[in-house]
Amino acid sequence: MDRLIAGYREFRKSRWPAERARYADLAENGQKPRALVIACSDSRSDPATIFNAGPGELFVIRNVAAIVPPYEIDTSHHGTSAAIAFAVLSLNVSNILVMGHAQCGGVAAALDHSIADGVPFLKSWIDLLEPAVQSLSQHEHAHTALEREAVKLSLERLMEFPFIAERVHAGSLTLHGARFGIADGRLEVLDPQTGKFMPID
């Protein structure tokens, strides 16, 4: 907690004065982010840092492995789906980015189920990646391949949400995929035409 308090004090000293007017506007007029970013909870792949975003610019959902679950209507709790619905239907975002990353522990657990042993809730969540695991051919680097396939699977699942499909087909919402490299800081963006991830120069 001491490190968090120290960080807060630095924020108030250096960043708050520069951002005060923006925060005041956001408080008075509400948030109007143009993009929803679905990212992994991993502490090394923070979307606001990677995209140099200021307050109010990104609506971010983070979970293990940046997974979009299937569209389901029932009485269970659907935290990720609820946040997606809020971003699209209430905030009217015009872009959704699913961003995976290198060295993803959730992806590792999907390839080696023993990693989830003794961790409540994790196995059933990671099992959502099974269709992506099954789609892998004999890749030399299965982990990297699955990081990319998991992004594609989440994009496919987004289109199962009727309100997303409707807006995509109407041209008011665009879906994107990307993968961030922890070691080199490089971002690969999915080309929807070729299905390949291309590095951003």
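1. The largest cavity holds about 40 Å³ of space. On a 1 Å grid over the protein atoms alone, a cavity is a set of points where a 1.4 Å probe fits but cannot get out, and lining residues have an atom within 4 Å of a point; a volume is the space filled by probe spheres set on the points, which are joined across faces, edges and corners. Searching the whole structure gives 1 cavity of 30 Å³ or more.

2. A friendly word on the source: this is a predicted model, with local features needing pLDDT of at least 70 and side-chain atom pairs counting only at pLDDT 80 or more, while totals for chains, interfaces and linings use all residues. Residues are numbered from 1 along each chain as its sequence is written, and side-chain values use heavy atoms, with hydrogens and water left out.

3. Who lines that cavity? Among them are Ala65, Ala66, His101, Cys104 and Glu147. Helix H7 (142-158) gives the most, with 3 residues, and strand E3 (95-101) also supplies at least two. Helices (H or I, at least four residues) and strands (E, at least two) are DSSP runs, numbered from the N terminus.

4. Now to the largest pocket, with about 210 Å³ of space. A pocket is an open set with protein on both sides within 12 Å along at least five of seven lines. Its lining includes Lys152, Leu155, His176 and Asp191. Strand E4 (174-180) and H7 each supply at least two lining residues, and the largest share, 4 residues, comes from E4.
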